[in-house]
Amino acid sequence: MASVIYQVVESNRTYVDQIYSPDQEKCFDALVQLKNSVIGSNKQKSAVIQLGILTRLIRILNDEKSSPELLVETAVILGSLAKGTDEHVCSLVDAGVIPALLNGITHPCQRYVEACLRCLRTIFGSSCAPVSVLYQDSNIIPHLIHLIPQSIYNQECITTILTHCCQTPEQQTILCNSGAIQATAALLCSPVYRVQMPSLNCLAQMCHKNEKVSNAASTASFGGKSIPDILVGLLARDKPNEMQLASAKCLTYICRAGAISPEDPKILYKALSCLVRMCKKDKLCNERITAAETLSYLIDVDTELQRVASISDHLISSLTEFLKYQPDPTLSAGGSSVVSLTHMKKVNFEMKLALEMKQAAFKAFASLGSNDEDIRKRIIDTDSLMDHIVSGLSDGNAKVSLAAVRCLHSLSRSVQQLRTTFQDHTVWKPLMQLLHGAQDDILIVASSTLCNLLLEFSPSKEPILESGAVDLLCSLTCRDDPSLRLNGIWALMNMAFQAEQKIKSQILNSLGTDQIFRLLSDSDVNVLMKTLGLLRNLLSTKPHIDYIMGLHGKQIMQAVILILEGDHNAEVKEQALCILANIADGDSAKNFIMSNEDVLKKLASYMMHTNIKLQIAATFCISNLIWNEEEGALERQIKLRELGIQKLLQQMLNTNDTTLFDKVKTALQQFT
């Protein structure tokens with residue numbers, strides 16, 4: 001780099017020196033030469049930055065005496081430097097160019113304002129640009145929106161800048177409150193394509209997952225037409241594909257934010273059909289990718305949209321073609337030892353495209369099959385799909401792996417497929433491999449999928465257990481992320497359902513009673529509920545109940561009492577009472593309840609609770625305790641009669657709830 005700088009200085013000594021001249025004409029001529037030298041050359045850009053010329057250029061912008069011509073030429077040079085590498089942009093940002101340019105957009109010279117906007121557009125397109133700087137002064141955003149009508153260049157640049165600088169709900173709201181929605185409505189009707197496209201992108205960015213902004217967009221209008229109606233017009237088949245896709249994305253985001261109903265014809269028959277059509281093989285790869293990913297988001301939570309999409313224009317077949325995409329075979333090196341940089345870029349681009357095609361297809365399949373069993377079957381019956389999913393799970397690209405496991409998770413909701421296709425393809429093997437050392441986003445979906453594979457009717461359950469799943473799942477319950485804790489305890493609950501005693505013991509030993517107590521105190525009520533569900537499943541069948549209570553009875557009773565005495569909702573307390581009912585179904589385990597008069601009094605109080613479900617659970621527990629066919633029943637009946645339980649049961653016969661009445665009647669019949 002030093003030699004390059006030396007060459008620049010020596011060969012251009014005159015104009016480099018003249019840039020610092022107080023004579024504006026000489027300085028202008030030098031700037032013209034500098035501009036010509038840096039255009040198209042990253043080496044020259046680096047050299048100019050290393051020479052420290054940025055400081056002089058920014059000083060020119062900040063000098064009130066600088067002529068408009070000098071200002072324009074300087075802003076153009078900075079814009080050219082910004083079109084280099086990210087390192088060049090970072091150097092510009094560090095030198096303080098953004099405040100100077102933002103000051104420049106208040107200048108009366110329109111050419112200078114446009115030059116500043118073009119430079120800002122390039123800078124904010126870089127990942128190293130400090131987006132928050134636009135929001136530090138509350139006057140900047142309104143002024144940018146005020147500049148929009150003044151020229152086509154302004155419209156193109158400002159909408160692009162706002163798109164890049166709209167990254168948080170707060171920023172979306174600021175733009176909306178500053179009039180960006182209304183301004184965008186007008187720009188969507190512009191006859192200029194290069195204005196319409198960044199305006200569509202800006203609208204989509206503002207509406208994404210923001211109900212307030214989407215509501216504003218759904219009601220805003222221009223020329224007597226609402227924004228949604230304008231967007232439908234831009235979906236017409238005679239419009240460029242890029243414009244159709246961007247319009248469909250806007251409608252998708254407005255719909256998903258709740259501002260337009262999924263049943264609205266604009267969504268059901270316009271946006272949806274456009275996205276399905278754009279997945280066809282005759283479209284460009286990047287168009288197909290955008291279409292599939294947008295479609296996935298649109299239909300993800302609506303069963304009717306999923307149903308309509310699945311029968312629209314051979315969508316499932318179109319998505320399958322994504323998985324068959326192969327890089328252009330003519331790009332192979334052909335044995336040559338010398339491969340050009342251009343050739344390598346093409347190869348890398350094709351490889352990246354193939355990965356993005358897979359990712360998009362997996363996402364769309366996941367959304368399509370998330371609810372309907374018939375759609376899942378049609379997806380799974382697609383030629384070689386499961387092979388592609390299994391391969392995707394092991395893909396070195398994390399995004400592809402995540403999309404593949406999401407697809408697998410969606411399809412794993414099918415009872416029939418868990419028993420057949422999933423077993424045939426042994427999907428649990430790559431899934432288990434993925435669970436070891438995966439990033440949290442993949443781990444959350446993979447562990448949730450494992451929950452389904454561990455259901456009682458799944459043939460995958462036994463081999464998963466043999467592969468060390470218990471320790472893995474127990475470790476998930478200790479994670480900071482509540483989703484991972486939930487999936488870990490949920491999977492253990494499924495694993496314990498109707499399991500052999502050795503598996504239940506393995507779960508208890510690996511998890512430990514201390515961790516169970518921590519999970520019962522979890523701030524996430526879902527984690528708490530699944531932990532109670534695990535205890536219920538562990539304490540099932542008499543021999544298992546007695547064995548486990550013999551080892552951990554004291555701690556389990558403490559856990560149940562902790563819940564019954566805590567500030568929990570009725571659903572949580574019902575689970576705790578059901579655990580007591582299971583314990584009461586044991587032979588020796590009953591003594592843990594009968595010897596604890598405090599627990600018996602709690603049962604009596606829940607029998608008279610205002611919540612019917614709690615009454616039913618408490619009564620069922622009493623019934624198990626006094627079942628007259630079991631040894632020691634008479635002694636237990638006498639004790640409970642002395643505590644007034646029989647009288648309470650007689651009072652409960654007045655209930656209008658048939659289920660509770662039957663439970664009470666059964667319990668009373670046990671008293672001899």
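Modeller: A charge sits over a ring if NZ of Lys or CZ of Arg is within 6 Å of the ring centre and within 35 degrees of the ring normal. Lys-530 meets this rule, lying over the face of Trp-490 at 4.1 Å from the ring centre. The model is predicted, with local features needing pLDDT of at least 70 and side-chain atom pairs pLDDT 80 or more, while totals for chains, interfaces and linings use all residues. Residues are numbered from 1 along each chain as its sequence is written, and side-chain values use heavy atoms, leaving out hydrogens and water.

Colleague: What sits over the ring of Tyr-297?

Modeller: The charged end of Arg-256 does, 4.3 Å from the ring centre.

Colleague: How many aromatic pairs are there?

Modeller: The count is one. Rings of Phe, Tyr and Trp (its six-membered ring) pair if their centres lie within 6.5 Å; planes under 30 degrees apart are stacked, over 60 edge-to-face, and the rest tilted. The pair is Tyr-253 with Tyr-297, edge-to-face, at 5.7 Å centre to centre and 85° between the planes.

Colleague: Which helices hold Tyr-253 and Tyr-297?

Modeller: Tyr-253 lies in helix α17 (residues 241-256) and Tyr-297 in helix α19 (residues 285-299), so the pair ties together parts 44 residues apart in sequence. Helices (H or I, at least four residues) and strands (E, at least two) are DSSP runs, numbered from the N terminus.

Colleague: Is Tyr-253 buried or exposed?

Modeller: Tyr-253 is buried, at a relative accessible area of 15%. Buried means under 20% relative accessible area, exposed over 50%, and partly exposed in between (1.4 Å probe, protein chains only).

Colleague: Changing topic, where is Gln-110?

Modeller: Gln-110 is in helix α9 (residues 110-124), and is partly exposed, with a relative accessible area of 25%.

Colleague: Which residues does Gln-110 contact, leaving aside neighbours within four places in sequence?

Modeller: Gln-110 is in contact (heavy atoms within 4.5 Å) with Gln-150, Ser-151 and Asn-154.

Colleague: And what about helix α4, which of its residues are buried?

Modeller: In α4 (residues 42-50), the buried residues are Gln-44, Lys-45, Ser-46, Ala-47, Val-48 and Ile-49. Just after α4, Gly-52 has a positive phi of about 80°.

Colleague: How many helices and strands does the protein have?

Modeller: The protein has 43 helices and two strands. Its C-alpha atoms fill a box of roughly 115 × 60 × 55 Å along the principal axes, and 54% of the 672 residues count as buried.
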